[in-house]
Amino acid sequence: MMNSSGVAVLARGLTVVRGERTVLRGIDFTVPPGRITGLLGPSGCGKSTLMRAAVGTQAKVTGTLEILGKPAGDATLRSRIGYVTQDPAVYDDLTVRQNLDYFASVLQPGRRHRDTRRDYVTRAIADVDLVSHADSLAGRLSGGQRSRVSLAVALLGAPELLVLDEPTVGLDPVLRRDLWNLFHRLADERGATILVSSHVMDEAERCHRLLLMREGEILAEDSPEDLRVRTRTQTVEAAFLHLVDEANARQAGSPQQADPQPKAIQENAR
Ligand SMILES: Nc1ncnc2c1ncn2[C@@H]1O[C@H](COP(=O)(O)OP(=O)(O)OP(=O)(O)O)[C@@H](O)[C@H]1O
């Protein structure tokens, strides 16, 4: 289910204060359903904070934030959202399958759901390519394998929205590619909406749509292709740097220093 405007996530004037700092500064954005939206920006710009707000675990959130047609944090959203944090949250003294059995029983308790839970667990283990490690203790897995167990937990119950905080950090190129293929399968074949953060700009090219962040603000909201075209750059990284330079020049009150094509870009940039 989406909200009345047909988007999976809608933010208007979203502001988050953490400690003394205003970490998100009245931002507006949308996330379309059934697509992969990449949240990209430098370390500390507020990506994790935005994701925590989306899954309802962040305090001091003001403005509008609607998730699948409900206010963020609404109790009915719990089973509809899968969330992977940066630190794998798995029990080291349980096997991969036992970890998933446990989380599946929290998600869908009761004897009558036993078969459904078993199907969820079997599918999630296959999705993240850990069939051959299903009976290994999580504590004996490599870092990349542990983060895939965390991802499998998030996939239990086929959630409509997956919020993935830097899921590919520390993975080798083959695993990264495999995970991105999985994200595309989840979006294309199961209609899942994926919001995935990264500070690796080459991963941006794999997303349908991008939210480029900087210092608690959304610098641009566009497809990788459109971003490159309107900044007349070859890569998303170059587009991002161009937009940063332009924003800096604007802040300094000297837009004429933002070169090239400042006018066209300023009209489009958010
Ligand atoms: N518990 C906290 N109390 C106060 N400030 C915090 C807290 N956690 C994070 N921050 C600040 O909020 C800002 C945004 O942090 P956040 O973790 O959202 O950034 P990020 O873009 O996800 O960074 P990274 O890519 O390094 O994970 C940072 O300046 C950080 O110092």
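Strand E9 is joined to strand E10 (residues 217-222) by five bridges, with the two running antiparallel. Bear in mind that this is a predicted model. E9 and E10 make a hairpin with two residues between them. In that turn, Glu 215 has a positive phi of about 45°.

E9 also has strand E3 (residues 36-40) as a partner, and here the pairing is parallel, over four bridges. Leu 40 has Leu 212 as its bridge partner in E9. As for cover, E9 (residues 209-214) is mostly tucked away: five of its six residues are buried. As background on strands, in a regular one the side chains alternate between the two faces of the sheet.

## Helix H1

Next up is helix H1, spanning residues 47-55, where eight of the nine residues are buried. Just past the end of H1, Gly 56 takes a positive phi of about 85°.

## The nonpolar core

The largest nonpolar core holds 74 residues, and the ones touching the most other members are Ala 54, Leu 100, Ala 152 and Val 163. Helix H4 (residues 143-155) supplies the largest share of this core, with six residues. For context, nonpolar side chains tend to be buried together in soluble globular proteins.

Val 163 is a handy place to start looking around. Leaving aside residues up to four places away in sequence, Val 163 touches Met 51, Ala 54, Val 55, Ile 81, Tyr 83 and Leu 195.

## Arg 176 in helix H5

Is Arg 176 buried or exposed? This arginine, found in helix H5 (residues 173-190), counts as buried because 20 C-beta neighbours lie inside 10 Å, and the cut-off for buried is 20 or more.

Once residues up to four places away in sequence are set aside, Arg 176 touches Thr 168 and Leu 171. Further along the chain, Glu 203 is 27 residues from Arg 176, and their C-alpha atoms are separated by 9.2 Å.

Definitions and conventions:
Residues are numbered from 1 along each chain as its sequence is written. This is a predicted model: local features need pLDDT of at least 70, side-chain atom pairs count only at pLDDT 80 or more; totals for chains, interfaces and linings use all residues. A residue is buried if 20 or more other C-beta atoms lie within 10 Å of its own, exposed if 12 or fewer, and partly exposed in between; C-beta atoms are placed from the backbone. Two residues are in contact if their C-beta atoms, placed from the backbone, lie within 7 Å. A nonpolar core is a set of buried Ala, Val, Leu, Ile, Met, Phe, Trp, Tyr and Cys residues joined through C-beta atoms within 7 Å. Two strands pair if DSSP finds at least two bridges between them.
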